[in-house]
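Dear colleague,

Please find below the structure that I am handing over to you. My findings follow directly after it.

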Amino acid sequence: MIRTKLCDLLGIEYPILQGGMAWVSTAELVAAVSEAGGLGIIGSGQAPPEWLEEQVSKIRKITNKPFGVNVMLMSPYADQVMDIVIRERIPVVTTGAGNPGKYVAGLKEVGTKVIPVVPSVALAKRMERSGVDAIIAEGGESGGHVGEQNTMPLVPQVVDAVNIPVIAAGGIFDGRGLVAALALGAVGVQMGTRFMCASECVIHDNVKKVLLKAKDRDTVVTGRSTGHPVRVIKNKLAKRFEELEMLGTPPEELEKLGVGKLRAAMVDGDIEYGSVMAGQVCGMIKKIQPAKEIIEDIITGAEEVLKRLPGGGN
Ligand SMILES: Cc1cc2nc3c(=O)[nH]c(=O)nc-3n(C[C@H](O)[C@H](O)[C@H](O)COP(=O)(O)O)c2cc1C
């Protein structure tokens, strides 16, 4: 069985995190992943605090296993969301878009593990200094907001630069990806795109259908000129972004074009003019399956890979 120190740190069976995804990772998916031995993480995005409270209470009705909340630090509700995390003693918080430094002491006081997502070595070092428990190093193969580095070069550089556990994210799909991440020095993986096609994931069926059909080259990064690049499935919205960027449209105009578009895709099923965030692994999604089956597939796959490797099984 594949166990790492991440399992002990978070109290989980398998070193697999389901990344927080705004409008995508809600109570149903999160509870299923945690119940299956991974760590489910709520994507709180820009949602108001009441929404989060509801999600937490739903999860606790389904499972008593640990789970996490992803907090986007740029959200207007970030302070209130952190208050809920502390009050509810949520086992794990992952953070994006900023430095969680000012919250670390309060979170640690109630035993919440703090794990920021970072796209670079410099940020990883800064986060380590602010006292976080681990780091998620996320490469640009991933779905959603991306940095400039890819997973293969980023993870070992972060591993070498910090003394806290590193989790790899971006472009990981199955047992092969898990073993590769461990080989790079990570203690586990965070995956988003594959969990979008879990049966428990509540996103619109139109999006699931697009992901089932997607091939390796079907994603594109838009919005580089805004400073907030995003990896999405190519569609009419992505094309419009590319055209406007080529015309030198000011970043503020481009940002406006993106407002509300993730919700339009994930909730309303608008796969042409919505933002269908997804990572490069979408080409490997072949079926809708329960989160438990996804986790079992990753673990058994990883064990087989380890046996197949030169010297494996000896
Ligand atoms: C639809 C979608 C929405 C996402 N939303 C968030 C988010 O709100 N906060 C965050 O930190 N990461 C977000 N991510 C990133 C994931 O949590 C995860 O790190 C990433 O998907 C891993 O790469 P993969 O897609 O190759 O598995 C999102 C990813 C996707 C695909």
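Arg263 is partly exposed, at 36% relative accessibility. This residue forms a salt bridge with Asp268, and the closest N and O atoms are 3.6 Å apart. Asp268 is likewise classed as partly exposed, its relative accessible area being 48%. Please note that the model is a predicted one.

The count of salt bridges comes to 15. One of them joins the side chains of Glu148 and Arg224, with an N to O distance of 3.6 Å. This pair links distant parts of the chain, 76 residues apart: Glu148 belongs to the loop between S7 and helix H7 (151-161), and Arg224 to the loop between S10 and S11. Glu148 is exposed, with a relative accessible area of 61%, whereas Arg224 is partly exposed at 46%.

A further salt bridge connects the side chains of Glu296 and Lys292 at 2.7 Å, N to O. These two residues are separated by about one helical turn, because they lie 4 residues apart in helix H14 (residues 291-308). Glu296 is partly exposed at 38% relative accessibility, and Lys292 is partly exposed at 49%.

S7 is joined to S11 (residues 230-233) by 2 bridges, and Gly144 has Arg231 as its bridge partner in S11.

Technical notes:
Residues numbered from 1 in each chain as written. Predicted model: local features only at pLDDT ≥ 70, side-chain atom pairs only at ≥ 80, totals over all residues. Heavy atoms only, no water. Pairing = 2+ DSSP bridges. Salt bridge = Lys/Arg side-chain N within 4 Å of Asp/Glu carboxyl O. Buried < 20%, exposed > 50% of the residue type's maximum accessible area, 1.4 Å probe, protein only.
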